[in-house]
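Trainee: I would like to learn how to read packing and contacts from a structure. Could we go through one together?

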There are 2 protein chains.
Amino acid sequence: MTRLCVAVSVALVFFTLAPLEAAAQLRNLTFKIHNFTTKVDHFSYRNNDTFQMRYVVADQHWAKWRGPIFFYPGNEMRVESFVYSTGVMWEWARHFTALLVFAEHRYYGESLPYGENSFKDLEHMAYLSSEQAMADYAELLTWLKNNLEGAKNSRVVAFGGSYGAMLAALMRVKYPHIVEAALASSAPFKMFPGLGSCDRYYRRVTEVFEKSSWGCARDVSRTWPVLDKLGSTPEGCKTMQEKFRTCHNLEPGNYPEFRDWIRRTYSVLAMINYPFAVTYRGPIPARPVKKACGIIRSGMKTEERMVDAVAKVVNMVYNSTGNNSCNNVYPTANMHAYKFQECTELIHPTCTDGVNDMFYPQEWSPEKFAQRCRERFGVTPEFDRMLKKYPMPDFFKTASNIFFTDGSMDPWAAHGLAHAPTIRTKYHLIEGAAHHVDLQFAHRDEPRPYWNARSFARWFIAHWISWYS
Amino acid sequence: MTRLCVAVSVALVFFTLAPLEAAAQLRNLTFKIHNFTTKVDHFSYRNNDTFQMRYVVADQHWAKWRGPIFFYPGNEMRVESFVYSTGVMWEWARHFTALLVFAEHRYYGESLPYGENSFKDLEHMAYLSSEQAMADYAELLTWLKNNLEGAKNSRVVAFGGSYGAMLAALMRVKYPHIVEAALASSAPFKMFPGLGSCDRYYRRVTEVFEKSSWGCARDVSRTWPVLDKLGSTPEGCKTMQEKFRTCHNLEPGNYPEFRDWIRRTYSVLAMINYPFAVTYRGPIPARPVKKACGIIRSGMKTEERMVDAVAKVVNMVYNSTGNNSCNNVYPTANMHAYKFQECTELIHPTCTDGVNDMFYPQEWSPEKFAQRCRERFGVTPEFDRMLKKYPMPDFFKTASNIFFTDGSMDPWAAHGLAHAPTIRTKYHLIEGAAHHVDLQFAHRDEPRPYWNARSFARWFIAHWISWYS
């Protein structure tokens with residue numbers, strides 16, 4: 001059992017959570033969804049299958065023949081998520097008279113190369129990779145430029161958050177003739193095996209909790225022995241199952257996975273620790289980490305209240321409305337694609353020791369991880385794959401026109417670049433910011449550093465695409 | 001029949017002819033041939049097959065821990081050809097204390113992904129592409145750096161001629177973290193559909209003949225009606241079959257293909273019009289175009305002597321020793337791979353009009369070309385494929401550390417860059433030079449411009465890899 005748990009535990013939540021700033025949902029964004037026919041395999045001639053990739057176009061601000069194309073190379077979500085959560089593209093569109101295009105990443109949302117069978121077996125999943133996705137985007141952009149009136153000479157700026165930020169930056173590197181500049185927000189370019197110790201991520205989560213509320217990390221760390229005690233008996237599991245409203249039966253056998261799910265919940269809170277209310281799976285209050293810390297603290301008196309407090313935090317994240325009948329501890333269908341990418345490309349070693357972080361000891365074992373990937377998908381992870389094929393993480397002196405941002409309070413920033421990799425790129429660390437908050441619509445409650453980050457980025461991108469104004 | 005002929009006619013000879021400077025063969029080059037196991041498909045997870053890629057290593061001049069790696073990314077020949085014909089790597093190796101590595105391109109030589117079955121059908125040929133080949137090279141170089149003692153921090157300089165020059169330059173663009181600099185000699189980056197008129201190549205061949213010997217182009221153009229007359233009757237074909245010693249029966253039905261083969265022979269002569277004797281399929285004298293022109297001129301008096309003269313030129317190229325029992329008009333097995341690449345990536349439209357060139361009128365029809373590719377390989381050419389996936393031909397402002405050369409008397413230079421595409425690359429046109437002569441061993445009979453080209457290139461490459469001396 002332990003083996004399985006260790007292997008499962010390395011899986012993190014989505015990089016991109018696409019929480020919606022509550023006000024964003026009320027905005028009346030006008031756009032059209034289209035389909036683009038593209039090849040399933042761009043790199044060999046054996047498979048001539050094609051599929052429909054969804055993409056979104058919004059042209060209300062576009063000045064034909066001179067306005068640029070703002071392009072979102074979709075990552076691990078359905079395309080609509082990016083349309084709503086990438087407010088910066090909408091806000092800048094007016095100034096730049098830009099055309100907005102958002103593309104859906106293959107194997108996510110409805111862009112399924114083999115429809116319902118897309119996740120059936122390795123043969124059908126085999127074409128899920130960053131290179132294939134970028135080739136889709138290159139095809140789409142080339143087609144748009146050739147077929148959309150007034151787009152022929154439009155310069156393309158790629159915007160992306162998290163894995164999407166990697167794609168935006170790598171599109172600029174791999175397709176410089178198509179993408180002129182990129183804004184890459186919260187891209188964990190140093191997440192890969194061999195680039196840093198595996199404890200960074202959860203240490204940063206711990207920091208976010210401790211900085212939000214003094215003593216909070218210690219409080220959280222005190223809850224684990226209590227949960228573990230309950231998790232070791234069938235009766236205790238039954239109690240927790242009710243409190244946490246898990247969809248699956250909780251038993252001592254699957255308790256470790258349940259515990260990891262709670263740990264991931266803290267990580268989600270750190271990622272979306274925004275200064276304004278957002279909607280995740282339901283409404284999330286402004287600065288939710290502080291809120292969570294308050295809840296945990298209030299439950300420190302007895303063991304029972306501790307468990308109640310943890311359950312309350314978890315429910316705040318996944319079921320704030322109370323509409324969900326239960327909470328799903330296991331990955332949902334859409335996460336299947338992401339799990340595959342975690343086994344092939346986006347390999348992110350994580351570990352915790354319970355000393356330097358507020359969690360419990362858990363090692364990262366490449367062997368066990370590899371075995372789990374083989375069992376689950378029939379693929380053996382190549383730990384150096386991304387670093388072999390892309391000039392990451394330092395972009396090897398050749399990258400240009402990329403604006404990198406990170407939030408100082410974002411756990412993923414523990415694996416961020418930390419500085420501009422070349423003299424023709426820029427890096428900006430946003431003080432106090434969580435995961436890619438700078439991509440969202442500007443908010444009246446946001447601190448000054450967010451505003452600064454956006455205006456620096458805007459200035460440089462205007463400069464790079466020679467759109468002086 | 002016409003349809004077929006037109007379609008066949010677009011196929012040119014190999015870019016890279018790897019003629020050997022006669023003296024090069026006498027040099028005692030010491031090297032070892034190895035095999036490297038790599039994936040048949042680097043871009044999806046469906047096919048886990050691997051194959052053995054051959055590569056050559058020569059380390060007699062190498063200074064471990066500080067010498068660079070000079071790497072030849074093989075193109076459409078067996079690897080040994082490059083070992084002997086890329087003398088510049090051997091000559092510079094001593095000065096740079098470099099390790100020499102030459103890799104064989106998949107589907108050429110003995111690096112056949114599916115052995116004898118490699119060309120059986122599309123399913124087996126599907127993995128023949130520049131991207132897959134470059135991924136092989138990236139794997140090999142990464143492996144060498146990690147496993148060869150003293151290679152860990154060696155800077156890699158890629159050398160290539162013709163299609164190999166494209167690969168060398170594109171390796172620098174696509175894998176800047178692996179390849180630090182490149183010498184790209186005679187790369188026809190503007191050969192692709194839509195970039196220039198189709199008559200350029202054979203007009204340049206005509207120029208080479210005319211410049212080598214005044215009136216030669218006119219003489220050659222006068223031979224076609226004579227050949228055509230013979231080609232129109234079975235008896236005439238029989239006569240020519242004997243004179244040209246063709247392996248196949250020559251008939252009016254396949255005469256057009258035979259005629260194209262003669263045209264290609266003139267193009268070969270222009271490509272290897274070096275100031276020193278070389279070995280191609282047999283010994284070729286120095287400045288062979290002048291020699292050929294003399295032969296043709298001497299045959300101008302009667303129609304029969306004209307045919308004899310053309311036959312003599314053809315035999316000079318393919319059978320100078322007289323050892324071959326016959327001349328093969330049709331592509332050989334190894335050309336099968338190249339024909340496939342001509343249908344998929346290296347699409348080079350050529351046409352002649354008999355007015356501005358010394359040949360006969362022949363149009364280029366994309367439709368017929370596409371149909372022929374479908375019939376032959378089951379693939380439909382994507383005419384913009386290369387330009388969509390690579391930042392060619394102008395390298396879109398981002399390329400660096402590439403030294404491009406062209407020979408002013410090389411027919412392929414008609415599709416060369418003609419200038420440095422970015423400020424961090426260099427371009428050098430070598431006055432009077434034929435196809436990638438600058439990659440060969442320096443020769444006592446070579447003109448000053450060759451020496452200049454090599455020393456400029458050497459200086460810049462030393463500078464780019466910071467090997468000041």
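**Core, rings and interface**

Mentor: The largest nonpolar core has 144 residues, and Phe395(A) and Phe395(B) are those with the most contacts inside it. Keep in mind that this is a predicted model.

Trainee: Where does Val220(A) lie, and is Val220(A) buried or exposed?

Mentor: Val220(A) is part of helix H9 (residues 216–231) of chain A. Its relative accessibility is 0%, so Val220(A) counts as buried. Beyond the neighbours within four places in sequence, Val220(A) is in contact with Tyr266(A), Ile296(A) and Met358(A).

Trainee: Next, the aromatic rings. How many aromatic pairs are there over all chains?

Mentor: The count over all chains comes to 73 aromatic pairs. To class a pair, read the distance between ring centres and the angle between planes; under 30 degrees is stacked, over 60 is edge-to-face and the rest are tilted. The planes of Tyr280(A) and Tyr318(A) are at 50 degrees, with ring centres 6.5 Å apart, so this pair is tilted.

Trainee: Which parts of the chain does the pair of Tyr280(A) and Tyr318(A) link?

Mentor: Tyr280(A) is in the loop between strand E8 (278–279) and strand E9 (283–284) of chain A, while Tyr318(A) is in helix H13 (residues 303–318) of chain A; the two are 38 residues apart. Tyr280(A) counts as buried because its relative accessibility is 16%, and Tyr318(A) counts as buried at 6%.

Trainee: What does a stacked pair look like in numbers?

Mentor: Take Trp261(B) and Tyr318(B), whose rings are 5.4 Å centre to centre with 15 degrees between the planes. Trp261(B) belongs to helix H11 (residues 255–271) of chain B and Tyr318(B) to helix H13 (residues 303–318) of chain B, so the pair ties together parts that are 57 residues apart in sequence. Both Trp261(B) and Tyr318(B) are buried. Ring pairs can also join into a cluster, as with Tyr201(A), Tyr202(A), Phe209(A), Trp224(A), Tyr266(A), Phe359(A), Tyr360(A) and Trp412(A).

Trainee: Which charged residues lie over the face of a ring?

Mentor: Among them, Arg448(A) lies over the face of Trp451(A), 4.3 Å from the ring centre. Arg27(B) lies over the face of Phe441(B), at 3.8 Å from the ring centre.

Trainee: Now the interface. How many residues of chain B are in contact with chain A?

Mentor: The contact involves 40 residues of chain B and 41 residues of chain A. Between them the chains bury about 3,600 Å², and 49% of that is on carbon and sulfur atoms. On the chain B side, Phe43(B), Tyr45(B) and Arg46(B) lose the most area to chain A, together 24% of what that side buries.

Trainee: How many salt bridges cross the interface of chain B and chain A?

Mentor: The rule finds eight salt bridges across it. Elsewhere in the list of contacts, the side chains of Lys388(B) and Glu139(A) meet in a salt bridge at 3.0 Å, N to O.

Trainee: Is Gln132(B) buried or exposed, and what does Gln132(B) touch?

Mentor: Gln132(B), in helix H6 (residues 130–147) of chain B, is buried, with a relative accessible area of 0%. Gln132(B) touches residues of both chains, including Phe43(A), Ser44(A), His42(B) and Tyr127(B).

Note on methods
Residues are numbered from 1 along each chain as its sequence is written. Chains are lettered from A and ligands numbered from 1 in the order in which they are written. This is a predicted model: local features need pLDDT of at least 70, side-chain atom pairs count only at pLDDT 80 or more; totals for chains, interfaces and linings use all residues. Side-chain values use heavy atoms; hydrogens and water are left out. A nonpolar core is a set of buried Ala, Val, Leu, Ile, Met, Phe, Trp, Tyr and Cys residues joined through side-chain atoms within 4.5 Å. Buried means under 20% relative accessible area, exposed over 50%, partly exposed in between (1.4 Å probe, protein chains only). Rings of Phe, Tyr and Trp (its six-membered ring) pair if their centres lie within 6.5 Å; planes under 30 degrees apart count as stacked, over 60 as edge-to-face and the rest as tilted. Helices (H or I, at least four residues) and strands (E, at least two) are DSSP runs, numbered from the N terminus. A charge sits over a ring if NZ of Lys or CZ of Arg is within 6 Å of the ring centre and within 35 degrees of the ring normal. Contact means heavy atoms within 4.5 Å. Buried area is the accessible area (1.4 Å probe) that two parts lose on being put together, summed over both. A salt bridge is a side-chain nitrogen of Lys or Arg within 4 Å of a carboxyl oxygen of Asp or Glu.
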